Amino acid sequence: MRTARPMSRERLTAVSLLIGGVLWEAVARIMATPELLPPPSEVAVTFWEMLVLGDIWSAVRDSSTRVLVGYAIGAVGGIVTGLLLGGVRAADVTLAVVLEFLKGIPPIALVPLVVIWLGIGEASKYAVIAFLVWIVVAISTAIGAREVPRLRLRAGSFLGLSRLGIFARVILPSCVPYILSGMRSAIGFAFVALVSAELIAANSGVGQIIMDSRFSLQTDRMIVGLLVLGALGTASQMFFDFLVRRVRFAARF
């Protein structure tokens, strides 16, 4: 007797999305209040119209650029800060409390102050995104630096490595999984910071589409913006995972 094969992850995802879309359509049709919950069929039409007019492309371009620049700045700063916190006791004593304090500040609360400092241009958006990415990557990297097994450190000293050599050949390689984990988590937080910045201080981008749609009660456009943000975040994480796999594969040769 032939046993049924379990469904693949891709098929399960497709079936889940299909069921969710059907339920959404049914509930929206029953409610019959498109200003509150438009059916997915109307959202799809709105999405196509925005796509043809170029609204989506320009918004995705602007938002993606902000995330990319802010993420790069924050990730580099986070790695450096985390290695200092985990490897230098003086830095840990002086900076750890500051980092814990800043961690509790939501990015949207920083936007008005950053706008006063840097203006309403792109620099303020980069700063808000970089701030949140910096915190996430720094904390993860610091944990990795603190968790380096003492046996490895002693082995490095026994082999005659200098302090710089121990850092480069023992501490840094041991931190790589933590750094990658923090960088991956920071992708989602980068989009959180992006929306915080664009909802308050932007004249372009996906967040700005959501804000403008709220004032005119265009719920379908708001949902399009939310779906685009989700798709961008998912695609970014998938691309990051792809790059990590390729680098690890290349490192074997």
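Reader: How do you know that the span of helix α4 is close to the one expected at 1.5 Å a residue?

Author: Happy to walk through that one, with the reminder that this is a predicted model. Helix α4 covers residues 89-103, and its 15 residues reach 20 Å from the first C-alpha to the last. The expected value is 21 Å, because the rule takes 1.5 Å times one less than the number of residues.

Reader: What makes α4 kinked, and where is the kink centred?

Author: The kink in α4 is about 40 degrees and is centred on Leu95. That angle lies between two fitted axes, one for the seven residues ending at the bend and one for the seven starting there.

Reader: Which residues of α4 are called buried, and what do they pack against?

Author: Ala91, Ala96, Leu99 and Leu102 are the buried residues of α4. Their packing partners are α6 and α3, the latter being residues 55-87.

Reader: Let's turn to α2. How do you know that the length of α2 agrees with what it should span?

Author: Helix α2 takes in residues 40-53, which is 14 residues, and these should span 20 Å at 1.5 Å a residue. The end C-alpha atoms of α2 are 20 Å apart, so the two values agree.

Reader: Why do you say that the buried residues of α2 line one face of the helix?

Author: The residues in question are Pro40, Val43, Thr46, Met50 and Leu51. Looking down the axis of α2, these buried residues fall within an arc of 140 degrees, so they line one face.

Reader: What does the face of α2 turned away from the buried side carry, and what comes just after the helix?

Author: That face carries the exposed residues Trp48, Val52 and Leu53. Just after α2 comes Gly54, with a positive phi of about 90 degrees.

Reader: What separates Phe131 and Trp134 along helix α6?

Author: Helix α6 runs over residues 122-146, and because Phe131 and Trp134 are 3 residues apart in it, about one helical turn separates them.

Reader: How do you know whether Tyr126 is buried or partly exposed?

Author: Tyr126, which also lies in helix α6, has a relative accessible area of 22%, so Tyr126 is partly exposed. Not counting residues up to four places away in sequence, Tyr126 touches Thr65, Arg66, Val69 and Gly70.

Reader: What makes Phe240 a buried residue?

Author: Phe240, found in helix α10 (residues 219-251), has a relative accessible area of 12%, so Phe240 is buried. Leaving out residues up to four places away in sequence, Phe240 touches Tyr71, Leu180, Met183, Arg184 and Ile187. For Phe240 and Ile187, which are 53 residues apart along the chain, the C-alpha atoms are separated by 8.9 Å.

Reader: How many helices and strands does the protein chain have, and what part of it counts as buried?

Author: The chain has 10 helices and 0 strands. Of its 253 residues, 36% count as buried. The accessible surface comes to about 15700 Å², with 69% of that belonging to carbon and sulfur atoms.

Key: Residues numbered from 1 in each chain as written. Predicted model: local features only at pLDDT ≥ 70, side-chain atom pairs only at ≥ 80, totals over all residues. Heavy atoms only, no water. Helix = DSSP H or I, 4+ residues; strand = E, 2+ residues; numbered from the N terminus. Buried < 20%, exposed > 50% of the residue type's maximum accessible area, 1.4 Å probe, protein only. Contact = heavy atoms within 4.5 Å. Areas by Shrake-Rupley, 256 points an atom, 1.4 Å probe, with all protein chains shown as cover. Arc of directions from axis to C-beta.
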